[in-house]
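Dear colleague,

Please find below the structure I promised to pass on to you. My notes on it follow directly after.

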Amino acid sequence: MTSGSTILKFAAPTAPPPLIARGDARFWRVSLALFIGGLATFGVLYCVQPMMPGFARAFSISPAAASLSLSAATGVLAVAMFWAGALSDALGRKAVMAASLAAAAATTLAASFSPDWTTLVALRGLTGLALSGVPAVAMAYLAEEMDRSAIGLAMGLYIAGNTLGGMTGRLAGAALADVMGWRGGVAMVGIFSLACASAFALALPTERQLAPKTRSAPLLPTIRMHFSDPGLRYLFVLGFLLMGALVTSYNYVGFRLAQPPFSLSQTAIGFVFAIYLIGAVSSVTVGDLAGRYGRRRVIGLAIALSGLTRREGEGAGERALPVLLLRGFESCGLFRRLGFRPRRVARRGRLRRRALRARAPRCD
């Protein structure tokens, strides 16, 4: 063996690139890009919610059928996210997210030209499929690239983009539909999403921390492992029920306010979704109460609050303001309960992932 080959054999491995620290220029580039990505993702996803009464009139369908414009996208998104992480391991985090945003913008633009209801629902399903490459992959990107001191703020900014995107998509979609019809409203949201996709691709740096080269664990055994934990099963079911209750409530309040005696315009109905800001503020306030009095007590109070407001809202009669205020208080309860879920799921899931990776064989 020559000395040259000995040097090559025992050369020290290259040190991994440093993580992104809070306050660095790269930190703000990543945060801005993911804020834009969250804005586009949830704007495209929820822009159709205030347009549902318009869909019902244009296609002569029931409110339940009109709700498919949203549930087709969210349903496909929920299932496709299982595979998004594995795809980003193979193709790269940034590449998958940028392609997902561009594809979602394209399907949204195509949906504005739908000749019939079936085509519109199918294109919304494809939009959910495209968007699946953003939420889960964005969290993985942050977890791998950010320093521990920076990840909290970065995730907070990303979630803020999600919240603002969902609210802006609803408000802008409703106002545009009032002026341009639902086709114009959907088309303008698609154009905005395409601009966001371009800005995202330019702003987000390519990831530097490569994923560990381990064999991918089979999907079904991994899911089975998570569902074997009683605590996670409870959290999954509760999150499913809470999100379903929240989205359904806002799906159908638009139909009620569009009919007599309210007869509100699309724009006015869109402003109903500004109530989401109450839920965002309540998350901070009630989080402090949970630290003082315990999560179980506060969650129980939130459940009672949202249930009571739903019951009272049905008896609000012809008064629009009580209906909106009660939906706001319901959002306080639902947002707070939803806010507890990700932290507990992440804590339990992190331990599960570590155990799974410890058992996974290396691919050298």
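**Packing of H6 and H8**

Helix H6 passes helix H8 in a left-handed crossing. Please note that the model is a predicted one. H6 covers residues 93-111 and H8 covers residues 135-145; their axes lie 10 Å apart, at an angle of about 150°. H6 is therefore roughly antiparallel to H8, since angles over 145 degrees are classed in that way. On the H6 side, the residues that meet H8 are Arg93, Val96 and Met97. Their counterparts in H8 are Val137, Ala138, Ala140, Tyr141 and Glu144.

Ser88 belongs to helix H5, which spans residues 68-91. Is Ser88 buried or exposed? Ser88 counts as buried because its relative accessibility is 2%, and the cut-off for a buried residue is under 20%. When neighbours within four places in sequence are set aside, Ser88 is in contact with Arg93, Val96 and Val137. Arg93 and Val96 are part of H6, whereas Val137 is part of H8. With Arg93, Ser88 also forms a polar contact, side chain to side chain, at 2.5 Å.

**The chain as a whole**

The secondary structure consists of 15 helices and zero strands. The chain has 364 residues, of which 43% are buried. Among contacts with a separation of 6 or more, 83% involve residues 24 or more positions apart.

With kind regards

Definitions and conventions: Residues numbered from 1 in each chain as written. Predicted model: local features only at pLDDT ≥ 70, side-chain atom pairs only at ≥ 80, totals over all residues. Heavy atoms only, no water. Helix = DSSP H or I, 4+ residues; strand = E, 2+ residues; numbered from the N terminus. Buried < 20%, exposed > 50% of the residue type's maximum accessible area, 1.4 Å probe, protein only. Contact = heavy atoms within 4.5 Å. Polar contact = N/O pair within 3.5 Å; in protein donor to acceptor, adjacent residues only side chain to side chain. Axes fitted to C-alpha atoms, helices over the stretch in contact; angles between N-to-C directions. Parallel < 35°, antiparallel > 145°, perpendicular 65-115°, else oblique. Left-handed = near helix turned anticlockwise from the far one by under 90°.
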